[in-house]
Amino acid sequence: MSTVTGKRKRMGKHISALKGKFEEALDKLEQAKPFAKSLYQIDVYQLAMELSCSSDGMSVLFENAHRFDHAGVFLGGQWEDLTKMQAPLVGGSLRSKQGFNSIIEVLSEMRMLAIAKGNHIHEGLSKEEANAFLNEVMALNLDLLFPPETEEGRILEDHMMRAQGLFEYLGQQLSFRAIGHQIVQELDRLSVQRPIMTGRILNIINLSKQLIKSGIADETRVSLEKYIQAADAPTPLSIDAADQREYRLRLENANEDDLLSEAEIFAKSMKETGLVSPYHAVLLRFLNRKNQDKIQAALDLSETGIAGFNANQQLIHDIIQISIYPETRQAVYGLARMLDRGVLTQEHVLPAIRRLFDLPIHAQVRQALTKFKNEQSAISLNGLLIAGVINILGQPLGVGQGNNPTCQSARAISLWSQHGIGQLLEYIARAARDNDIDMTFEGESIHSSLLIGGVAEAINQDLDPISMVLVPHLDKIYNDMMKRTLLRGEDGHKWVNPEFYGAWIPKGFINAIDQLTLGVTNYSAFVKLFYATHHPDYNEGYELIYPNPVGIFITNVHGDLLGLHAVSIQRIKKDPNGNHRIYFYNPNNDSGQNWGQGIIASVSGFDELEGEASLPFHEFVSRMYAYHYNPFEQGDTYMVEDSLVKEVEALARESWGNNYHWA
C-alpha cells in the first residue's frame with residue numbers, strides 16, 4: 001500500500017472531529033475584527049492541512065469553500081483578489097514548501113470550484129470563467145492529476161500529497177472532456193511554434209496518454225492520438241515494434257514500397273507536428289547506409305532542399321552518420337528545415353560544419369554536453385554538437401532562453417543563425433574548443449574567459465546544446481559591455497547592441513524612459529518616430545531587411561508590469577484581414593501570451609512563420625520602451641496622426657505606465 005493511500009485511510013477515521021474543529025475555526029475567523037484576522041488564519045490553515053490528507057477531508061474543505069472569502073481566509077495575502085489569479089502559477093504554489101503557500105493554494109482552488117459549481121456567487125467571476133480556470137490549471141499540471149507510478153511518486157512530502165489529493169478531487173468533480181480539449185489546445189499552441197527543445201510538449205503528451213481512456217470526446221481523442229503517435233511511432237512498421245532493434249530488423253526485411261511508405265508517413269507526421277519519433281532517426285540512419293535515394297522523402301524536402309541535398313550528398317551522409325540518433329531525433333526536423341532554407345548553398349558554411357566533426361572539445365564543455373546523451377548511447381560529443389548546430393540553422397526562431405534571464409543571448413544566436421551563419425559557427429567552434437570567445441567593443445577586445453559573472457548568476461540547464469555552449473560566454477560579454485556604458489547618461493543598449501549583434505543593427509536608437517529621471521518623456525515623439533521608420537504607410541516604403549532588436553515591457557493578463565524583455569521584430573506586413581501586424585521573435589520559449597487589455601500575442605492564424613508571434617501594429621507599439629531605427633530610412637513624423645498616438649498612449653498609460661511618472 002502506498003504512503004499516500006495509507007495516510008489517507010488513517011486520516012479518514014478522524015474526519016468528523018476535524019470537520020467540527022475546522023468549522024469552529026472558520027467561525028472564529030469570521031467573527032474576528034479585520035486587524036486581528038491574521039491571528040486566526042493560522043488555525044484554519046493548520047486544520048485544512050490535516051483535512052487535505054484524505055478525500056473525505058477535501059470534501060469538507062469544498063463544503064465550506066463558499067465561506068472562505070467572507071470569513072477572511074485570504075485577507076491580506078496574494079490570494080485575496082480572486083480576479084488576479086493566474087493558472088500557470090498554481091502548480092508552483094502547490095509544490096512550494098514555503099510557509100502555508102501550498103495549503104492556501106488548495107483552499108483557493110476549492111473556492112474556485114465552489115464558484116464553478118454554483119455554490120458560491122462571486123461578482124468578479126462567473127461560473128464559466130471559474131470552470132475554464134480550473135480546466136486550464138489541470139491541463140497545466142497533468143503530473144499531479146496523473147502522478148507517475150514510481151518510487152519517487154509513492155514517497156511524497158506532505159505538500160505534494162496535498163497537491164495530488166487536490167487534483168484527484170478536481171478530477172472527480174470536473175469533466176475530463178473539457179480538460180482534454182484544453183490539452184489539445186495547449187499542444188497545438190506550443191507545437192506550432194516549433195521550439196528546438198520539445199521537453200515540455202513531450203511531457204504533456206506522455207501525461208495525457210491516460211486521458212485517452214477517460215471518456216473524452218472523439219474529436220479530442222483523435223487529436224491527442226495524433227500527437228502521441230507523432231512522438232512515439234506513427235508508421236505501420238514502428239507502431240507495435242518492441243524496441244528500436246526490432247524496428248531496424250523490420251526495415252532490413254521491408255520491400256521498396258514499404259520503405260517509401262515509412263519515409264513518407266514519418267515526414268508527414270513530422271511536418272504536421274514538428275515532433276520527431278525516435279524510430280524516424282532509426283529509419284534515417286538505415287536509409288543513409290542502404291537506400292540514400294529515399295532520404296529526400298523521409299525529410300519531405302522542397303525544391304530548394306532537394307537541390308541542396310543533391311549538391312552535398314557526402315556531407316549530408318556524414319552529418320546523419322555522426323549526429324542523427326534516437327536521442328537527437330529532433331535534429332531530423334532541423335536537417336529538413338536547414339536544407340529547405342538553402343543554408344548549404346553558402347560555400348563558407350560547408351567547411352565550418354566539417355570542422356566540427358573532429359574539433360577537440362574543452363573539458364568543461366564536454367561536461368556540459370554529456371547531459372544530452374544516455375550512458376548506453378553511441379553518439380559522440382562532436383555528434384551532439386553537430387546535431388545542435390543543425391537544429392539552430394534549421395530553426396533560427398526555435399531558440400529559447402530556458403529559465404534564464406538571457407534573452408539578449410538567445411536573440412543573438414537567433415539573429416546570427418539567420419544572417420550571420422559564418423560568424424555563429426566561428427563562435428561555436430571557439431567556445432567548444434577553447435571555452436572562450438572574444439568580441440570587440442569600441443576598439444577594445446573582450447574575452448569571455450577573463451570575465452566573472454553575467455546577467456544570469458547561473459545558467460539553467462534546460463537549453464539546447466548550442467545555447468549550453470554559447471550562452472555563458474555571450475551573457476558575460478553582453479553584461480561587461482553594458483557596464484562600460486553606465487556613466488553615459490543614456491541607455492547603454494544604444495551602443496552595445498550594434499557592437500554585440502553586429503552590423504545588422506541600425507545605429508539610430510530611442511528610449512521612452514529618461515535614464516536620469518526614470519520617467520516617461522516625450523512619448524508622442526517616441527511613437528511617431530516608430531511609425532515613421534517602421535509602418536509601411538508612413539516610412540516612405542522602406543522594408544525591414546534584418547531583425548530589429550527592441551525592448552518591451554512584459555505585462556500579465558491584467559496589464560500589470562512584470563519586467564523588461566528583449567525581442568526582435570522579424571517583419572511588418574498586412575495580415576490576411578488587411579491589418580498591419582508586427583511579426584516578432586520572442587526567445588522566452590512560449591510566444592503566445594496574454595499581456596492584458598485584450599492584447600494577446602498570436603502564434604498562428606495570421607500568416608505567422610514557424611517560431612513567430614504577432615500583434616496588431618499599435619498593440620505591439622504600446623508595449624515597447626526602446627528600439628533601433630535607420631535615420632536615413634524614415635518618413636516624416638508630422639504625417640503620423642495624433643489619433644494613432646493617443647490610441648497607443650492610452651494602452652501604455654493604463655498598463656506598464658502606471659509604474660512610471662509621465663512628463
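In which helix does Lys 476 lie? Select helix H27, residues 465–483, and Lys 476 will be found there; helices (H or I, at least four residues) and strands (E, at least two) are DSSP runs, numbered from the N terminus. The model is predicted, so local features need pLDDT of at least 70 and side-chain atom pairs count only at pLDDT 80 or more, while totals for chains, interfaces and linings use all residues. Residues are numbered from 1 along each chain as its sequence is written, and side-chain values use heavy atoms, with hydrogens and water left out.

Leaving aside neighbours within four places in sequence, Lys 476 is in contact (heavy atoms within 4.5 Å) with Ser 448, Leu 451, Gly 453 and Gly 454.

Next, select helix H4 (residues 55–63) together with helix H11 (residues 158–173). These helices pack at an angle of about 70 degrees, and their axes are 10 Å apart. That angle makes H4 roughly perpendicular to H11; the term covers 65 to 115 degrees, whereas angles under 35 count as roughly parallel, over 145 as roughly antiparallel and the rest as oblique. The axes are lines fitted to C-alpha atoms, for helices over the stretch in contact, and angles run from 0 to 180 degrees between N-to-C directions. To see the contact itself, show Ser 55, Met 58, Ser 59 and Phe 62 of H4 with Arg 162, Gly 165, Leu 166 and Tyr 169 of H11.

Move on to Asn 288, in helix H17 (residues 278–290). Is Asn 288 buried or exposed? At 3% relative accessibility, Asn 288 counts as buried; buried means under 20% relative accessible area, exposed over 50%, and partly exposed in between (1.4 Å probe, protein chains only). A polar atom of the Asn 288 side chain lies 2.9 Å from the backbone oxygen of His 317. Leaving aside neighbours within four places in sequence, the contacts of Asn 288 are Ile 295, His 317, Ile 320 and Gln 321.

Now select Asp 575, in the loop between strand S5 (561–574) and strand S6 (580–585). Asp 575 is buried, at 6% relative accessibility. A polar atom of its side chain lies 2.7 Å from the backbone nitrogen of Asn 577. Neighbours within four places in sequence aside, Asp 575 is in contact with Arg 581, Tyr 583 and Phe 606.

Two loop residues come next. Most residues other than glycine have a negative phi. Glu 442, however, has a positive phi of about 50 degrees although it is not a glycine. Look for Glu 442 in the loop between strand S1 (438–441) and strand S2 (444–447), where it is partly exposed at 42% relative accessibility. Leu 518, also not a glycine, has a positive phi of about 60 degrees. Leu 518 sits in the loop between strand S3 (508–511) and helix H29 (523–534), and at 53% relative accessibility it counts as exposed.

Finally, select the cysteines Cys 53 and Cys 407. Cys 53 is buried, with a relative accessible area of 6%, and Cys 407 is buried at 11%. How many disulfides are counted? The count comes to 0 disulfides, a disulfide being a pair of cysteine sulfur atoms within 2.5 Å.

Terms used
A polar contact is a pair of N or O atoms within 3.5 Å; within protein, one must be able to donate a hydrogen and the other to accept it, and residues adjacent in sequence count only if both atoms are side-chain atoms.
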